[in-house]
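Visitor: I am new to this structure and would like to learn how to read it. Could you take me through some features, one at a time?

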Amino acid sequence: MVFSEIRPWKRAKRRGTTSDLCDFLTFDFFSFPFVAGDGDGDCFAGEPFWSAVQSFLKQYGRLRFPPSLLPSLLTWQILLRVGDQADGGGGVVSLDVVEEDVARSRSVYCDQCRVVGWSGHPVCRKRYHFIIRENCSPIEGSQRPCMKCGHMTYLFDSRCKLCYSALTADDLEDWVYHQFEDSTHLLHGVVHSNGYGHLLRINGREGGSSLLSGSDVMNFWDRLCKRLAVRKVSVMDVSKKHGIDFRLVHTVAKGQVWYGGWGYQFGTGSYALTSDAYRNAIDTLSSIPLYTFFFQDRGPRTQLQTLIAFYQSLSETEIRTLKDLFSFLLDLIRELNTAKTDDDGSNDSSNSLSCPWTRNDVERVERCMVKVLVTSERWVSRRTLKGALCKAASPELIDYCLKHIGGKGRVVEDGMKVRARCNPNYNAIEYRVESQNSSNIISNWVEDGLDSIRPSKMQVMDDLRYLYDSLLNPETMVTYRPQATRESVVDSAKKLLDCKQFIKDYKVEQVAVLNPFKIHLWCRVELEDYSRDDPSPPPELIVLPGNSTVADLRSEATKAFKEVYVIFKRFCVQELPDFGRMDGGMTLNLLFGSSSGAVVVRIRGRCNAKYGLGRFRAERGTETWIVDCVCGTKDDDGERMLACDKCSIWQHTRCVGIDGLDEIPAKFLCRLCLDGCVESDCSRGSSSSSMKEEVESECLVEGLESRILEYEKKPIIIPSGKTCRDEIRSSEGLGIGSGMCMAFDVQ
């Protein structure tokens with residue numbers, strides 16, 4: 001049996017229409033009855049994720065290759081249209097859904113769950129990968145390279161058409177797993193069968209898409225999650241854009257990361273950072289006034305000051321803080337990306353409905369501007385022109401007239417017109433009066449109204465990088481006074497860079513159910529054969545008919561947990577602890593009554609961990625590791641760590657004085673174990689020299705002896721007659737001198 005996934009697309013192409021395909025931008029092909037919304041027009045399915053995704057795939061998906069070929073990696077394809085090709089535009093997007101059987105997968109445990117705080121969840125039976133490739137058309141997305149010659153072949157081909165080598169199932173499996181690591185996908189999201197997922201990758205036009213923007217892809221993903229009753233989705237924001245850490249700039253400018261526009265909020269912070277610390281860092285950076293960078297010395301104006309003043313002159317609103325500055329720059333780049341030429345020529349400033357001044361006031365100020373410009377034969381900067389008119393009108397009216405007087409070379413008087421340009425050498429806007437028939441064309445400006453005197457997109461991006469390095473980047477930030485303000489800015493910027501994990505909670509548990517003929521129960525399981533210290537799985541949604549009994553609840557709950565988690569393969573519900581022992585024929589309506597929402601109920605059962613299922617107990621794996629860093633971190637947060645060779649406790653390399661680019665030492669002892677070594681030596685009465693040799697042989701870091709002691713203040717010389725512990729307690733230093741490398745209380 002041969003599957004050809006491009007045949008339906010070819011038929012649609014021959015017909016010249018894609019109207020029978022679902023619209024990617026509106027995503028209106030889901031229609032679930034008896035669904036409740038969350039208040040903003042978006043609905044949730046009245047069933048759990050593992051059931052909703054199966055119904056979705058059966059109705060709209062089509063298998064790319066036979067299940068017998070790759071039973072552990074079932075791959076489905078869904079074609080969606082973007083626009084209408086009948087009008088000469090748009091195209092077709094291929095959404096691939098890979099149903100991964102975790103028990104037979106090459107990677108059992110989820111690294112994203114471990115670092116985001118879900119490491120205690122049991123390993124789910126299925127992972128669903130939602131992928132839109134960079135070549136998102138059905139034909140280009142249905143090809144893979146030959147393992148021998150690299151020639152592109154279709155997925156259903158049995159041999160390469162160039163080298164005639166056989167294409168085996170192992171080659172196809174390698175190709176599918178390679179897709180999970182490909183960084184060029186426009187979309188890659190993975191959702192576990194319990195409804196907890198991770199957004200791994202989003203790319204728009206800057207990532208290679210010719211049809212979709214990043215916002216289009218993000219809107220699609222958000223609607224998909226809502227329709228499939230996804231519970232929570234995490235995203236690690238480490239995006240680099242325009243050569244900068246985009247999450248830092250966007251957070252300062254908008255008060256949230258880019259993903260925050262779709263409801264993603266602070267999830268977990270590295271180095272024990274809390275939500276309050278994250279919010280305080282945002283407030284600190286956003287409220288820094290720009291005048292701080294002007295009143296520094298009496299020297300000539302610096303490039304930073306000139307650049308800030310330049311964009312202050314461009315803005316219609318007053319730019320006072322770092323938030324205002326970076327928000328204006330991001331908005332300006334977005335406008336330049338979407339700008340279109342306006343040829344109607346009707347942009348008279350005096351007729352603007354938003355103008356708060358009368359026509360006479362505007363014309364009076366414009367005449368004064370023309371008089372000043374006529375007396376000068378050179379280009380006049382905006383700052384000079386505004387200073388000459390400071391007593392003629394209010395600053396707001398002058399700014400308004402300066403904004404519009406140079407638009408489209410409008411004739412102002414006696415056949416003269418005002419030209420405006422952006423001088424890239426000085427980052428300043430300049431004006432000049434010329435005759436109407438003048439052919440003096442300046443390459444630095446274009447006659448398009450206010451937008452004409454704005455810099456190009458390339459210049460704005462260069463300025464954004466410069467301002468980021470000067471004002472936000474902790475490594476390259478300029479020096480300015482007061483020093484306390486600069487230190488606060490550096491500390492806040494580091495905190496924002498250390499916060500990468502963001503989570504959206506779709507709050508499926510709080511959705512009201514409108515189907516009066518169904519009973520919705522959230523079952524929270526308690527296992528008798530597990531200790532209470534073991535984390536319990538999140539509750540599962542059980543949907544039952546209105547006349548269901550307690551026996552039906554036990555049966556459906558057993559089925560649901562078996563379907564979701566691998567380790568629940570032998571699971572069996574025994575009782576409802578909140579209701580004691582009861583007859584299985586009792587109807588559920590007598591127990592829970594009628595409710596507009598789902599009811600939470602506890603169930604108790606047994607889950608025999610035999611049959612080789614113990615390794616699926618938790619996403620963290622079977623290894624036991626303890627994190628206890630000096631920064632306060634108690635769990636893996638995704639940052640680089642190393643373990644003590646004596647107590648096996650993990651700590652951040654940055655917190656013990658090892659830079660991010662340095663190699664991990666071959667041998668390492670934490671502070672507590674190092675103190676224990678010194679105390680044991682002193683209690684045995686060892687001399688300082690013998691103690692030095694013994695501790696040095698145990699604690700020296702090969703190749704990094706001096707790096708661990710970056711925090712020591714001064715050496716300690718131990719006089720005769722005193723123990724090392726006495727001298728350490730009485731000293732302000734953090735280490736022992738005499739050439740031996742040790743670290744005490746490194747923070």
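**Reading the features**

Guide: We can begin with aromatic rings; the count comes to 19 aromatic pairs. The model is a predicted one.

Visitor: How are the rings of Tyr-259 and Tyr-264 placed, and what kind of pair do they form?

Guide: Ring centres and ring planes are what to look at. The centres of Tyr-259 and Tyr-264 are 6.2 Å apart and their planes stand at 65°, so this pair is edge-to-face. The cut-off for that label is an angle over 60 degrees.

Visitor: Is Tyr-259 buried or exposed?

Guide: Tyr-259 is buried because its relative accessibility is 10%, and buried means under 20%. Tyr-264 has 3% relative accessibility and is also counted as buried. Together with Trp-258 and Trp-262, these two tyrosines form one aromatic cluster.

Visitor: What about the rings of Phe-568 and Phe-571?

Guide: Their centres are 5.0 Å apart and their planes are at 65°, so Phe-568 and Phe-571 make an edge-to-face pair. Phe-568 is buried at 1% relative accessibility, and Phe-571 is buried with a relative accessible area of 1%.

Visitor: How do I read the pockets?

Guide: Rolling a probe the size of a water molecule over the atoms shows where empty space is left. Here the largest pocket has a volume of about 1600 Å³.

Visitor: Which residues lie nearest the centre of the largest pocket?

Guide: They are Arg-201, Ile-202, Asn-203, Trp-258 and Tyr-259, out of 48 lining residues. By class, the lining has 17 nonpolar, 18 polar and 13 charged residues. Trp-258 and Tyr-259 also belong to the aromatic cluster described above.

Visitor: How many disulfides does the count come to?

Guide: A disulfide is a covalent bond between the sulfur atoms of two cysteines. In this model the count comes to zero. For Cys-113, the nearest cysteine sulfur is that of Cys-110, 3.7 Å away, and Cys-113 is in no disulfide. Cys-670 is in no disulfide either; the nearest cysteine sulfur belongs to Cys-673, at 3.5 Å. The cut-off is within 2.5 Å. Cys-113 is buried, with a relative accessible area of 2%, and Cys-670 counts as buried at 5%.

Visitor: Which residues does Glu-563 touch, leaving out those up to four places away in sequence?

Guide: Glu-563 touches Trp-50, Arg-125 and Ser-193. Glu-563 sits in helix H15, residues 550-564. Arg-125 is 438 residues from Glu-563 along the chain, yet their C-alpha atoms are separated by 7.0 Å. With a relative accessible area of 28%, Glu-563 is partly exposed.

Definitions and conventions. Residues numbered from 1 in each chain as written. Predicted model: local features only at pLDDT ≥ 70, side-chain atom pairs only at ≥ 80, totals over all residues. Heavy atoms only, no water. 1 Å grid on protein atoms, 1.4 Å probe; cavity = no way out; pocket = protein on both sides within 12 Å on 5 of 7 lines; lining within 4 Å. Points joined across faces, edges and corners; volume = space filled by probe spheres on them. Nonpolar A, V, L, I, M, F, W, Y, C, P; charged D, E, K, R; others polar. Helix = DSSP H or I, 4+ residues; strand = E, 2+ residues; numbered from the N terminus. Buried < 20%, exposed > 50% of the residue type's maximum accessible area, 1.4 Å probe, protein only. Contact = heavy atoms within 4.5 Å. Phe/Tyr/Trp six-rings, centres within 6.5 Å; stacked < 30°, edge-to-face > 60°.
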